[in-house]
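Here's a walk through one protein chain, written for someone who has the model open in a viewer. Have a look at the picture first, then read on.

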Amino acid sequence: MNIKKLPRNPLRPEKEPGIETAIWQPTWTCFCCHDTGIIHQHLATLAIDGYEHNRDKLPRCINPGCKAGSDWDTEALADSIDYRISAVICQQLDAIAREDWRQTARTQQINIQALAQEKSLRKRDRTASEQLEAQQRHWEASNADPVKLKALAQKYLGADYTKDGPL
């Protein structure tokens with residue numbers, strides 16, 4: 001008998017060898033201010049000597065690719081905003097933050113894979129028969145009839161069984 005074989009359908013495809021796990025990616029366009037219009041405090045310390053974010057004026061982002069800084073250009077906020085940082089400095093801070101992000105992403109990717117292997121309780125990969133049994137048990141648990149489950153629980157745990165445990 002010739003049976004047409006189907007391709008594998010892994011239960012956890014993200015755990016298959018060679019599959020890269022996705023890490024969080026930023027959605028902002030300006031790495032200098034993260035689209036807030038105010039330069040991030042760790043970057044501000046690179047541009048302003050002795051900068052203290054809770055005591056000094058907020059440095060406005062003037063990165064040419066970022067329009068969020070203009071949100072801070074109001075008369076009410078004029079005394080709270082530091083306009084001394086130039087567009088060139090903002091571009092340099094943006095480049096530094098982008099490189100920091102690239103390094104973090106590389107490190108995080110390596111750390112995620114190492115941590116997953118380190119924290120796994122399984123000392124070896126499942127065999128094909130173990131994987132099949134796990135899939136079968138998962139399917140049974142996912143599709144179980146609650147009435148039958150209660151009857152089985154009462155059968156095994158005795159007549160005192162209730163939803164919240166024995167009386």
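## Salt bridges

This is a predicted model, and the salt bridge count in it comes to six. Three of them are worth a visit, including the one between Arg 60 and Asp 73, where the closest N and O atoms sit 2.9 Å apart. That pair links distant parts of the chain: Arg 60 and Asp 73 are 13 residues apart, and each lies in the loop between β1 and β2. How exposed or buried are the two partners? Arg 60 counts as buried, at 10% relative accessibility, while Asp 73 is partly exposed at 40%.

Arg 137 is exposed, with 54% relative accessibility, and Glu 133 is partly exposed, with 41%. Then there's Arg 55, which forms a salt bridge with Glu 52, the closest N and O atoms being 3.4 Å apart. Here Arg 55 is exposed at 65% relative accessibility, and Glu 52 is partly exposed at 36%.

## The nonpolar core

Now for the inside. In soluble globular proteins, nonpolar side chains tend to be buried together. The largest nonpolar core in this model has 18 residues. Which residues have the most contacts inside it? They are Cys 30, Cys 32, Ile 39, Cys 61, Cys 66 and Cys 90. Helices α1 (41-47) and α2 (87-119) each supply at least two residues of this core, and α2 gives the most, with five.

Leaving aside its neighbours within four places in sequence, Cys 32 is in contact with Ile 38, Ile 39, His 40, Leu 43, Cys 61, Asn 63, Cys 90, Leu 93 and Asp 94.

## Asn 63

One of those contacts deserves a look of its own. Asn 63 sits in the loop between β1 (58-59) and β2 (81-82). Is Asn 63 buried or exposed? Its relative accessible area is 9%, so it falls under the 20% cut-off and is buried. Setting aside neighbours within four places in sequence, Asn 63 is in contact with Cys 30, Cys 32, Cys 90, Gln 91 and Asp 94.

## An aromatic pair

The count of aromatic pairs comes to one. The partners are Trp 28 and Phe 31, with ring centres 5.9 Å apart and planes at 75°, so the pair is edge-to-face. The angle settles that label, because planes over 60 degrees apart count as edge-to-face.

Trp 28 is partly exposed, at 21% relative accessible area, whereas Phe 31 is buried, at 9%.

## Helix α4

Last stop: helix α4, residues 146-157. How does its length check out? At 1.5 Å a residue, its twelve residues should span 16 Å, and the end C-alpha atoms are 16 Å apart, so the two agree.

Helix α4 is hardly covered, as one of its twelve residues is buried. Just after α4 comes Gly 158, which takes a positive phi of about 100°.

Technical notes: Residues numbered from 1 in each chain as written. Predicted model: local features only at pLDDT ≥ 70, side-chain atom pairs only at ≥ 80, totals over all residues. Heavy atoms only, no water. Phe/Tyr/Trp six-rings, centres within 6.5 Å; stacked < 30°, edge-to-face > 60°. Buried < 20%, exposed > 50% of the residue type's maximum accessible area, 1.4 Å probe, protein only. Helix = DSSP H or I, 4+ residues; strand = E, 2+ residues; numbered from the N terminus. Contact = heavy atoms within 4.5 Å. Core = buried A, V, L, I, M, F, W, Y, C linked by side-chain atoms within 4.5 Å. Expected span 1.5 Å × (residues − 1). Salt bridge = Lys/Arg side-chain N within 4 Å of Asp/Glu carboxyl O.
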